Amino acid sequence: SAASDVYKRQVGTRALAAVGSTSALLNLMNGFFIGLSTGATVLLSQFYGAKSKQGVQDTLHTGVALSLVLGAVVMTLGYSLGPKILGLMNTPESCMDDAVLYIKIYFAGAIASMLYNMGAGILRAVGDSKRPFYFLVVSAVLNIILDLVFVLSLGMGVEGVAYATIISQGVSAMLTMITLFRTDSCIKVELKYLKLDKEMLAKIVRVGIPAAIQMAITAFSNVFVQSYVNHFGADCMSGWTAYSKIDQLLFLPMQSLALASTTFVGQNLGIDQVARAKKGARTAFIMSVVATVILTIPLLIFAPQLVSFFNGKAEVVAYGSMLLRYCSPFYVFCCVNQVYSGVLRGAGNSRAPMIIMLSSFVVFRQIYLFIMANFISNTIIPIALGYPAGWLVCSTLTLLYYRHADLSKSRLVEDAEKKAEASGKSRIKAV
């Protein structure tokens with residue numbers, strides 16, 4: 001009986017490590033598209049604020065069409081190249097088979113993930129943040145139920161976890177798109193208008209590509225961080241995975257407020273309300289700091305209990321608790337770079353956040369990790385502290401830039417309005 005219990009725990013540890021080892025790669029995919037969809041969200045929010053119905057419609061249908069095309073591309077590339085990238089990440093042999101299985105199934109659901117992110121961004125751009133939240137809650141609850149059925153009842157292991165994930169993502173995408181197809185507002189999607197409008201696509205790319213590159217390369221740099229962690233074995237990998245899952249929950253409030261600030265700033269700059277946009281930015285920042293501090297305190301107290309929820313093995317709990325307690329006090333720094341980067345993107349300036357974040361999260365962090373691993377201390381805590389160090393550098397640079405930034409209506413929107421007026425067909429209509 002004791003031997004059986006140890007065996008079950010070890011299988012669980014390997015499974016958690018396998019799923020965790022894919023996180024950096026999957027975040028790369030998701031990060032790129034979320035960044036690219038930012039271009040559509042910013043333009044749509046500014047057109048909406050300026051009451052340009054035609055601008056909203058052109059952005060909307062081009063964004064959805066782009067989601068379908070890129071979803072198919074990502075699905076194909078992820079399925080074929082994912083296993084090779086896992087090998088380059090020094091994924092242990094004991095975890096490789098499960099990791100490859102998980103990533104192949106996950107990439108099969110890429111189109112659904114893309115559609116949800118774009119659809120949710122469209123809804124938020126016009127001030128509707130409730131329904132994307134409700135759909136996400138439905139998806140999360142369904143994911144948990146399917147995990148219990150596939151893993152505990154049917155014994156499908158990592159395969160069951162992967163299927164539960166893509167099915168729940170498919171449901172959230174379906175709910176989002178049904179909302180857009182059935183609405184009577186200016187964001188109604190109609191199949192006959194779905195196309196990649198060249199002019200609007202160029203505008204979306206101009207704003208979205210810097211954000212996409214920043215998020216993708218930052219995620220890609222985390223692939224190298226994961227390779228450092230993989231050197232410490234399955235127990236450390238599982239502890240790191242548990243820490244990362246909890247870490248993602250702590251980031252949600254500040255990321256949500258960053259998204260809200262992007263939309264708020266975009267809509268207000270669409271009608272040249274610069275002072276109101278800046279006031280909203282300050283409010284979002286204060287709210288994010290308060291929420292982060294409130295959530296961090298119980299995390300520090302109950303770190304072992306939270307980690308054991310994912311895996312009860314003593315070594316895993318020790319690693320995960322240690323990581324949480326060393327890194328979580330620095331989360332407050334992220335409020336600066338998350339919120340004010342969102343504000344800058346709302347103003348149509350996604351290039352500056354891209355440069356700042358790449359300099360901090362990629363260049364600085366990789367130099368830090370190389371020096372730590374090779375010359376100072378090749379242990380897990382100094383490696384993990386590369387994250388807080390990068391947050392501090394990024395927040396400092398972001399705040400310095402924001403204080404001297406020019407917040408005004410995006411030139412892309414102004415150009416579209418002037419072009420419409422010159423052609424005698426004003427795009428400014430009541431939304």
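Colleague: Let me begin with one side chain: is Phe 333 buried, partly exposed or exposed?

Modeller: Bear in mind that this is a predicted model. Phe 333 has a relative accessible area of 29%, so it counts as partly exposed, given that buried means under 20% and exposed over 50%.

Colleague: And how do I read the ring pair of Phe 330 and Phe 333?

Modeller: In general, you describe two aromatic rings by the distance of their centres and the angle of their planes. The structure holds 14 aromatic pairs. For Phe 330 and Phe 333 the centres are 6.2 Å apart and the planes sit at 25°, so this pair is stacked. Phe 330 is partly exposed, at 31% relative accessibility.

Colleague: What kind of pair do Phe 133 and Tyr 134 make?

Modeller: A tilted one, with 5.9 Å from centre to centre and 55° between the planes. Tyr 134 is partly exposed, at 45% relative accessibility. There's also a cluster linked by ring pairs: Trp 240, Tyr 243, Phe 251, Tyr 331, Tyr 387 and Trp 391.

Colleague: Which residues make the nonpolar surface patch?

Modeller: Start with the general idea: an α-helix has 3.6 residues a turn, so residues three or four places apart point the same way. Now the case here: Phe 133, Tyr 134, Val 137, Val 141, Ile 145, Val 149 and Leu 154 make a nonpolar patch of about 630 Å². One of them, Val 149, lies in helix 6, which covers residues 130-153. Val 149 is partly exposed, with 34% relative accessibility.

Colleague: Let's turn to a helix. Why does the length of helix 13 agree with expectation?

Modeller: You compare the expected span with the distance between the end C-alpha atoms. Helix 13 runs over residues 331-346, and at 1.5 Å a residue its 16 residues should span 22 Å; the end C-alpha atoms are 23 Å apart, so the two agree. After helix 13 comes Gly 348, with a positive phi near 85°.

Colleague: Zooming out, how many helices and strands does the chain have?

Modeller: It has 17 helices and zero strands. Of its 431 residues, 52% count as buried. Looking at contacts with a separation of 6 or more, 83% come from residues 24 or more positions apart. The accessible surface comes to about 19,300 Å², and carbon and sulfur atoms account for 65% of that.

Notes. Residues are numbered from 1 along each chain as its sequence is written. This is a predicted model: local features need pLDDT of at least 70, side-chain atom pairs count only at pLDDT 80 or more; totals for chains, interfaces and linings use all residues. Side-chain values use heavy atoms; hydrogens and water are left out. Patches are made of residues with over 30% relative accessible area and no salt bridge: like charges are joined within 9 Å, nonpolar side chains (Val, Leu, Ile, Met, Phe, Trp, Tyr) within 5 Å. Accessible areas come from the Shrake-Rupley method with a 1.4 Å probe; for residues, only the protein chains shown count as cover. A salt bridge is a side-chain nitrogen of Lys or Arg within 4 Å of a carboxyl oxygen of Asp or Glu. Helices (H or I, at least four residues) and strands (E, at least two) are DSSP runs, numbered from the N terminus. Buried means under 20% relative accessible area, exposed over 50%, partly exposed in between (1.4 Å probe, protein chains only). Contact means heavy atoms within 4.5 Å. The expected span of a helix is 1.5 Å times one less than its number of residues. Rings of Phe, Tyr and Trp (its six-membered ring) pair if their centres lie within 6.5 Å; planes under 30 degrees apart count as stacked, over 60 as edge-to-face and the rest as tilted.
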